[in-house]
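Please look over the sequence and the structure shown below before reading on. The briefing that follows is grouped by topic and is meant for someone meeting this structure for the first time.

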Amino acid sequence: MNAIKKDIRSLSSDELTAFFIERGDKAFRAKQVYDWLWAKGVHSFEGMTNLSKSTRALLESSFEFKLLQVDTLQRSTDGTLKNGVKLHDGLIVESVLIPTEKRITACVSSQVGCSLNCAFCATARLKRMRNLEPQEIFDQVLTIHRQGMEFFQRPLTNIVFMGMGEPLLNYNNVLSAIEKITSPDGLGLSPKRITLSTVGLPKMIRKMADDGVKFNLAVSLHSARNEVRSQIMPINEVSPIEELVDSLQYWYKTTRRRITFEYVVWKGINDGPEDIQALVNVCKKVISKVNLIEYNAIGEERFQQADPKVLESYALALGAIGVVAKIRQSRGKDIDAACGQLANKQAM
Ligand code: SAH
């Protein structure tokens, strides 16, 4: 039996270079392999056709590919595709392809399950099992890119980290995946086309700003009042709105980039004038725009979509202080592929 082999895609470009140099080969070899792995997305050593037979054999005896596979593929009447993706250890995450006239967007997961327990989110019902590896995040993106070509004859244009899990609790792996997605030696997608969505962890938001990340930031706010937000998002008890606002001001000061607040309005929860006023106050402090997103029912009685008139009132009040607020319709609801509906129903 062989010793346990490493997944070749867990190596950085420097480690790959060191591997070849140690064996008396050239650094250039590492570049070729990197190109196969991250620009061409090849998943076998035989597929690396510009390498000699002996190099391919060396790689084969030293490394392996831990691959994910599409376990289920569902197609919504609106064209949205939802993948149930099986990881190398049998666990399942979901990723979604959202087609619009101009875009092919991949919505990807960053963790198996989630630990944050937002009361309105189906993923919260799954225990957090583990973080995804960088290549597992990359592979979801690549899978959707290929599905874009196959089903719509169009390449991937955008990525949102709005699938399962909290990306800022798997920060290093998410960043490493984004590096491979955006690098000219990798998929070469512009970071401007990537949005990371978070419940809002102030320490990590500051860290991201300091690290100089170039992608967009979205924050799931849902209420600008501590007494309300703490009831629906337990994380708010650890990091209340004031701290979140401070960190977002720091983000803007450092990056000069506007963030997006994601906000669902529910009947009797956050649909009063005081709720609107609280959001207006926050938006006066944080350079932002607001996406008012439709609620996707997950079978919780206490959450019901608010009256459309209230959404209009939110949009008007925000517009009055110069904040762009858009009312967003969900996609893929009939196959449970919309925001907050990812919960491996197929697998349960
Ligand atoms: N953990 C990250 C990313 C995953 S959720 C985050 O919280 O931002 C992606 C978005 O869907 C978040 O804004 C989340 O609050 C929202 N969401 C969760 N459940 C929802 C539901 N049932 N209906 C509509 N949006 C929901």
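How much area is buried between domain 1 and domain 2? The area buried between domain 1 and domain 2 is about 910 Å², and carbon and sulfur atoms give 51% of it, where buried area is the accessible area (1.4 Å probe) that two parts lose on being put together, summed over both. This is a predicted model, in which local features need pLDDT of at least 70 and side-chain atom pairs count only at pLDDT 80 or more, while totals for chains, interfaces and linings use all residues. Residues are numbered from 1 along each chain as its sequence is written, and side-chain values use heavy atoms, with hydrogens and water left out.

- The domain assignment of the protein chain gives domain 1 (6-64) and domain 2 (69-347), with bounds that come from an automatic or database domain assignment.
- Taken over C-alpha atoms, the centres of domain 1 and domain 2 are separated by 35 Å.
- The contact, meaning heavy atoms within 4.5 Å, takes 11 residues from domain 1 and 10 residues from domain 2.
- On the side of domain 1, the residues that lose the most area to domain 2 are R9, Y34 and W38, which together account for 58% of what that side buries.
- Between domain 1 and domain 2 the count is one salt bridge, a term that stands for a side-chain nitrogen of Lys or Arg within 4 Å of a carboxyl oxygen of Asp or Glu.
- The side chains of R9 and D139 also meet in a salt bridge, at 2.7 Å from N to O.

- Helices (H or I, at least four residues) and strands (E, at least two) are DSSP runs, numbered from the N terminus.
- Strand β9 (residues 158-161) is covered on both faces, since N158 and V160 on one side and I159 and F161 on the other are all buried; buried means under 20% relative accessible area, exposed means over 50%, and partly exposed lies in between (1.4 Å probe, protein chains only).
- Strand β6 (residues 104-107) pairs with β9 in the parallel sense over three bridges, and the bridge partner of A106 in β9 is I159; two strands pair if DSSP finds at least two bridges between them.
- Strand β10 (residues 194-198) also pairs with β9 in the parallel sense over three bridges, and here the bridge partner of V160 in β10 is T195.
- A right-handed β-α-β unit is made by β9, helix α5 (residues 171-182) and β10; a crossover is right-handed if, with the strands pointing away from the viewer, the path from the first strand over the helix to the second runs clockwise.

**Salt bridges**

- By the rule given above, the count comes to 16 salt bridges.
- R130 and E136 meet through their side chains in a salt bridge of 2.9 Å, N to O; R130 is buried, with a relative accessible area of 17%, and E136 is buried as well, at 4%.
- R225 forms a salt bridge with D275, and their closest N and O atoms are 2.8 Å apart.
- The pair links distant parts of the chain, 50 residues apart, with R225 in the loop between β11 (216-220) and α7 (226-232) and D275 in helix α10 (residues 273-285).
- D275 is buried, with a relative accessible area of 3%, and a network of salt bridges links R225, E227, E274 and D275.
- The side chains of E294 and K333 meet in a salt bridge of 2.6 Å, N to O.
- Because E294 lies in the loop between β13 (288-293) and α11 (308-320) and K333 in the segment after β14 (325-328), the pair ties together parts that are 39 residues apart in sequence.
- K333 is partly exposed, with a relative accessible area of 34%.

**Individual residues**

- D7 is found in strand β1 (residues 6-7) and is buried, with a relative accessible area of 3%.
- The C-alpha atoms of D7 and F63 are separated by 5.7 Å, although the two residues are 56 residues apart along the chain.
- Leaving aside residues up to four places away in sequence, D7 touches E64, F65, K66 and Q135.
- Q153, in the loop between α4 (134-152) and β9, has a positive phi of about 55° although it is not a glycine, and Q153 is exposed, with a relative accessible area of 57%.
- H222, in the loop between β11 and α7, has a positive phi of about 65° although it is not a glycine, and H222 is buried, with a relative accessible area of 5%.
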